[in-house]
Amino acid sequence: MNKKVLISGGTGYIGSHISLQLYKLGFDVHIVDSFVNSPGKNLENLKNFSNKDKNFKNRIFINEGDIRDRKFLDELFLDISKRKEMFLAVIHLAGLKSVPESISDPLRYWDVNVNGTINLLNVMKKYNCKSIIFSSSATVYGNVKETFLREDLPCNPCNPYGETKVVIEKILSNIFTSDPDNWRICNLRYFNPVGADPSGLFGEKFSYNPSNLFPYLNLVAGGKKKYLRVFGKDWPTKDGTAIRDYIHVCDLSYGHILAMNYLLFKKSQILNLNLGTGKGTTVLELIKTFERVNNCTIKYEFEDRRPGDVSSLIADNNLSKKIFKWYPQKSIEEMCKDSWNCFIKNKYAI
Ligand SMILES: NC(=O)c1ccc[n+]([C@@H]2O[C@H](COP(=O)([O-])OP(=O)(O)OC[C@H]3O[C@@H](n4cnc5c(N)ncnc54)[C@H](O)[C@@H]3O)[C@@H](O)[C@H]2O)c1
């Protein structure tokens, strides 16, 4: 049976975890990645994994290229179709993801995220591959008053990164309308993916000035940063610090497998679904948990609230639970433990 799946951005943080899970389930994993933001270790370890396992030898195929390069994508799809095969689905993660960078260099973000996706969709359409799972984000909601975010809330992103995600969701909605009997589309809106595979083999590339909390925690714990900046201590929460919904990357990845299975075996449709735990953690709770499970100290200092920040953002994940039967398993303790384990094993930022 044809079990080929194409993963754009498959050597990145989330993509490498999805690739690993698909591979372990016996799929042929075809990765497209320009390596613009993938840690070298991810690539190396994916290759090693594939080569070491005699039964599954060469089940991971890595193609270096840019999704904006139509010729490159066309040749890849042509090559598969010449063998009278086709990708069952595309899991589309390739893109740029830094909110501050998207504000300072919006054209690059529109070009990579939106033009890259249009290119990919054109080639998929040409080769009649019409099932896609897209990495969207909770940033599409913007700053909302609701604590639990449901998929039917209006999308009001407040930065170019979030705007590119909303536009891609709109493009996907348009192509579904153009051919509703054939397209199968799922936009997965991630909350805050953190942690790593317990092996520590796959991780996230980050700089010395990351804008996300977990990379910062690791840098402080590893002595690379003096202290963690905590923005706001007067939010209306139990300890005054902001609440977010953190989701372990392995649970998140499994959500993609379930989404793909669902799409392939049900009628053609388009879905928007949140992937989050539905549980909130304050910054101080996170710091305490990280210290406890990793036996380390995290120094922190309070700073003013940042403009545009909100007190609490938690996923309403009832739809994903109902539709896919997706139940995230991993605790905040495991997220902290696996994240630190991966950091000390690989030191991606160093
Ligand atoms: N990590 C998060 O917090 C988060 C949250 C919500 C949504 N997302 C989305 O999930 C997706 C994956 O995120 P991630 O954290 O794994 O990011 P990542 O940067 O680790 O992975 C993205 C991968 O895409 C590749 N890539 C970038 N531009 C490309 C291009 N033009 N052509 C081919 N490959 C290209 C990079 O080299 C990288 O390997 C992104 O689309 C991101 O916007 C991430």
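Helices here are DSSP runs of H or I with at least four residues, strands are runs of E with at least two, and both are numbered from the N terminus. One case: helix 9 is followed by Asn 295, whose phi is positive, near 50°.

Some ground rules. This is a predicted model, where local features need pLDDT of at least 70, side-chain atom pairs count only at pLDDT 80 or more, and totals for chains, interfaces and linings use all residues. Residues are numbered from 1 along each chain as its sequence is written.

Now helix 2, residues 40-52. Its buried residues are Lys 41, Asn 42, Asn 45, Leu 46 and Phe 49. Buried means 20 or more other C-beta atoms within 10 Å of the residue's own; exposed means 12 or fewer; partly exposed is in between; C-beta atoms are placed from the backbone. The arc is taken from the directions from the helix axis to the C-beta atoms. Turned away from that side are the exposed Gly 40, Glu 44 and Asn 48.

Next, its partner. Helix 1 and helix 2 pack at about 5°, axes 11 Å apart. Axes are lines fitted to C-alpha atoms, for helices over the stretch in contact, with angles from 0 to 180 degrees between N-to-C directions. The two helices are therefore roughly parallel, a label for angles under 35 degrees.

Back to helix 9. Buried there are Val 283, Leu 286, Ile 287, Phe 290 and Asn 294. They fall within an arc of 100°, so they line one face of helix 9.

Key: Angles under 35 degrees count as roughly parallel, over 145 as roughly antiparallel, 65 to 115 as roughly perpendicular and the rest as oblique.
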